[in-house]
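Work through the exercises below with the model open. Try each task before reading its solution.

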Amino acid sequence: MIIVYTSETGHTKQYAKILSDATNLPYYTLNEVPEQHKGSDVIYLGWLFANSIKGLENARRKYNVRAVIASGMSPDTPELETLLKAKAKLPGSVPFFYVQGGYDYNKLKGLNHFLMSIQNKRILKRYDDKSEEEKQSDTVYKMVTEGYSAVSEENLKPAIEWTKSQLGK
């Protein structure tokens with residue numbers, strides 16, 4: 001089994017590395033997996049864009065996706081996990097994990113940079129009636145206004161435990 005990921009600003013890559021370090025599985029970007037791993041069992045990590053997991057369909061065509069980890073801006077909620085799993089059309093047999101990652105507008109390029117300039121304004125409107133203290137304690141607000149990472153091993157713990165159970169560790 002290997003770890004395959006797609007990352008736009010580096011946060012999902014950080015999660016792939018954390019998972020690799022915890023399990024001793026190699027990790028590769030979706031576009032740089034060595035030919036010897038074609039058709040392998042993979043744990044796929046992708047970042048969210050418009051509630052879609054980037055690269056997942058491509059990973060499904062190339063590999064046997066055994067589990068999916070989605071990294072996004074929002075805090076984890078059961079409702080969000082249900083929505084994302086349904087939108088990705090994941091069968092019940094494929095474990096799904098959501099982790100809050102990070103966001104840095106300045107690292108985006110091209111169309112993603114343009115689209116997120118519009119989305120940033122929409123996100124910030126939600127904070128119009130909040131106090132400065134509330135804003136500064138909210139990770140999404142910090143992501144949009146200053147670039148912020150919520151990446152942590154603790155967020156990935158359920159996925160690490162599942163992976164270790166599959167490896168007999």
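**Exercise 1: strand 5 and its partner**

Strand 5 and strand 6 are paired in the parallel sense, over 5 bridges. Pairing here requires that DSSP finds at least two bridges between two strands. Helices (H or I, at least four residues) and strands (E, at least two) are DSSP runs, numbered from the N terminus.

The model is predicted: local features need pLDDT of at least 70, side-chain atom pairs count only at pLDDT 80 or more, and totals for chains, interfaces and linings use all residues. Residues are numbered from 1 along each chain as its sequence is written, and side-chain values use heavy atoms, with hydrogens and water left out.

Task: Which residue stands opposite Val-99 of strand 6, and which unit do strand 5, helix 3 and strand 6 make?

Solution. 
- Step 1. Find Val-99 in strand 6; Ser-71 stands opposite.
- Step 2. Trace strand 5, helix 3 (residues 78-87) and strand 6: they make a right-handed β-α-β unit.
- Step 3. Check the hand. With the strands pointing away from the viewer, a right-handed path from the first strand over the helix to the second runs clockwise.

**Exercise 2: the faces of strand 6**

Task: How many residues of strand 6 are buried, and which lie on each side?

Solution. 
- Step 1. Set the classes: buried is under 20% relative accessible area, exposed is over 50%, and partly exposed is in between (1.4 Å probe, protein chains only).
- Step 2. Count along strand 6 (residues 96-100): 5 of its 5 residues are buried.
- Step 3. Recall that side chains in a regular strand alternate between the two faces of the sheet.
- Step 4. Sort the side chains. Phe-96, Tyr-98 and Gln-100 are on one side, Phe-97 and Val-99 on the other, and all are buried.

**Exercise 3: the neighbours of strand 3**

Task: Which strands pair with strand 3, and in what sense?

Solution. 
- Step 1. Start with strand 1 (residues 2-5), which pairs with strand 3 in the parallel sense over 4 bridges. Tyr-5 has Leu-45 of strand 3 as its bridge partner.
- Step 2. Move to strand 5, which runs parallel to strand 3 and is joined to it by 7 bridges. Here Asp-41 has Asn-64 as its bridge partner.
- Step 3. Leu-48 has Ile-53 as its bridge partner.
- Step 4. Inspect the hairpin of strand 3 and strand 4. It has 2 residues between the strands, and Ala-50 in the turn has a positive phi of about 55 degrees.
- Step 5. Check the cover: 8 of the 9 residues of strand 3 are buried, so strand 3 is largely enclosed by the rest of the structure.

**Exercise 4: salt bridges**

Task: How many salt bridges are there, and which side chains form them?

Solution. 
- Step 1. Apply the rule (a side-chain nitrogen of Lys or Arg within 4 Å of a carboxyl oxygen of Asp or Glu). The count is 3.
- Step 2. Take Lys-17 and Asp-21, at 2.9 Å, N to O. They are 4 residues apart in helix 1 (residues 11-23), about one helical turn. Lys-17 is partly exposed at 39%; Asp-21 is exposed at 51%.
- Step 3. Take Asp-41 and Arg-66, at 3.4 Å, N to O. This pair links distant parts of the chain, 25 residues apart: Asp-41 is in strand 3 (residues 41-49) and Arg-66 in strand 5 (residues 64-72).
- Step 4. Take Glu-57 and Arg-60, at 2.5 Å, N to O. Both lie in helix 2 (residues 56-62), 3 residues apart.
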